[in-house]
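Some labels given to parts of a protein model rest on a value and a cut-off. The questions below ask for both.

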Amino acid sequence: MLDALGLEPDDERVYRALVGRPQTTAVLLSDLLALSHAHVDKALSRLVEWGLATMSADARFTAAPPAVALGALIGRRRDELRTAEQALVAFAEEHRAAMTGNSITDLIEVVTGVDAIRHRFLQVQQAARTQVRSFITAPFVALPPDENTAEPVALDRGVRFRAVLDRDVLAEPGIVRDAVDSLRNGVQLRVADHVPMKLVLADAHLGLVPLAVTPAGEHGAVLLHRSGLLDALDALFEAVWRTAHPLSLSDTGGGSEATVEVAPEGPTELDRRILALLLAGLTDLTAATQLGLSPRTLHRRLRHLMDMAGVRTRMQLGAHAVRNGWAEPCESGPGR
């Protein structure tokens, strides 16, 4: 856990042992942790050097208060990261200036192989400073949405995420659960009848566009640096985003029969999920499957909602739901 601060595994083990055992000798630590005397001595020396432990005149060691000692290390690491970020800005600007006027081959990098595409996909998100935008289509080749480890890290940095899902993606197994998690974490999602391609954009500086599989069965992609082509993809994303349907899904923790009763004041969270999926264009069968309901239960819920709204058709129910906030789009706040 403390490796992020530069500690070796042995350093952390020794420090953990010291935290609950003040005035401990190196010999006792060696026996307790089943580590050689040399490894313990080296770890203790490093801990004393970093201010994480103190040594008395009779060679007994005590852990420094974690809130003070580790807090200082964390603060130092934050300062180092801020310095690195400032250097990144300078390097990026220098690189941009150097690329201006270069040949097209300097602005486009061809990436081949699933592993290489996955690596570049994560790197593009890691490079983002303000926003990541993406088109999501099926099938998922390099990285399924629930395995995108770069996204939560970028969100913690304050990077804004917007994604447009192809409507067919909502029929993929588990995608609704992932969408709920995404909305909860602050990602904005919309659904379009057709998304033209897979795409991920980092700010206005990097773009990754997967290509069709070659005749030899090899997957490919292109990594685009700042250029007229990247500007066109930027404009394409914004155009699709403006016309796509906002997706709002509440997390009910499941779709069992015990959770489908209507609250006296309006629809339940499960009802809102049903309405959101149907407004996004899913069929009754697909929506029921995604929510773990039988088609009969879903139809019963819809009938009850229509009675509550005082309407006779699905179209009237959809209009009523939007007007009264039953399926209000979630543009920000809780939800990824």
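Q: What makes up the secondary structure of the protein chain?
A: In this predicted model, the protein chain has twelve helices and ten strands. Of its 336 residues, 42% are buried, where buried means under 20% relative accessible area.

Q: What share of the contacts in the protein chain with a separation of 6 or more comes from residues 24 or more positions apart?
A: Such residues account for 70% of those contacts. A contact here means heavy atoms within 4.5 Å.

Q: Why is helix 1 called roughly perpendicular to helix 3?
A: Helix 1 (residues 9-19) packs against helix 3 (residues 37-49) at about 75°, and their axes are 9 Å apart. Angles of 65 to 115 degrees count as roughly perpendicular, so helix 1 is roughly perpendicular to helix 3.

Q: Which residues make the contact between helix 1 and helix 3?
A: Helix 1 contributes Asp10, Asp11, Val14, Tyr15 and Leu18, and helix 3 contributes His39, Ala43, Leu44, Arg46 and Leu47. By class, the residues of this contact are six nonpolar, one polar and three charged.

Q: Why is helix 9 called oblique to helix 10?
A: The axes of helix 9 (residues 269-279) and helix 10 (residues 284-291) cross at roughly 140° and come within 10 Å. Roughly antiparallel needs an angle over 145 degrees, and roughly perpendicular ends at 115. The angle therefore makes helix 9 oblique to helix 10. The crossing of the two helices is right-handed.

Q: What meets what where helix 9 touches helix 10?
A: On helix 9 the residues are Leu270, Arg273, Ile274, Leu277 and Leu278, and they meet Asp284, Ala287, Gln290 and Leu291 of helix 10. The contact of helix 9 with helix 10 has six nonpolar, one polar and two charged residues.

Q: How do you know that the buried residues of helix 12 lie on the same side of helix 12?
A: In helix 12 (residues 314-323), the buried residues are Leu317, Gly318, His320 and Ala321. Around the axis they cover an arc of only 165°, so they are on the same side of helix 12.

Q: What covers that buried side, and which exposed residues does the face turned away from it carry?
A: The cover of the buried residues of helix 12 includes helix 9 and helix 11 (295-309). The face turned away carries Met315, Val322 and Arg323, which are exposed, meaning over 50% relative accessible area.

Q: Which residue with a positive phi follows helix 12?
A: Gly325 follows helix 12, and its phi is near 75°.

Conventions. Residues numbered from 1 in each chain as written. Predicted model: local features only at pLDDT ≥ 70, side-chain atom pairs only at ≥ 80, totals over all residues. Heavy atoms only, no water. Axes fitted to C-alpha atoms, helices over the stretch in contact; angles between N-to-C directions. Helix = DSSP H or I, 4+ residues; strand = E, 2+ residues; numbered from the N terminus. Parallel < 35°, antiparallel > 145°, perpendicular 65-115°, else oblique. Left-handed = near helix turned anticlockwise from the far one by under 90°. Nonpolar A, V, L, I, M, F, W, Y, C, P; charged D, E, K, R; others polar. Buried < 20%, exposed > 50% of the residue type's maximum accessible area, 1.4 Å probe, protein only. Arc of directions from axis to C-beta.
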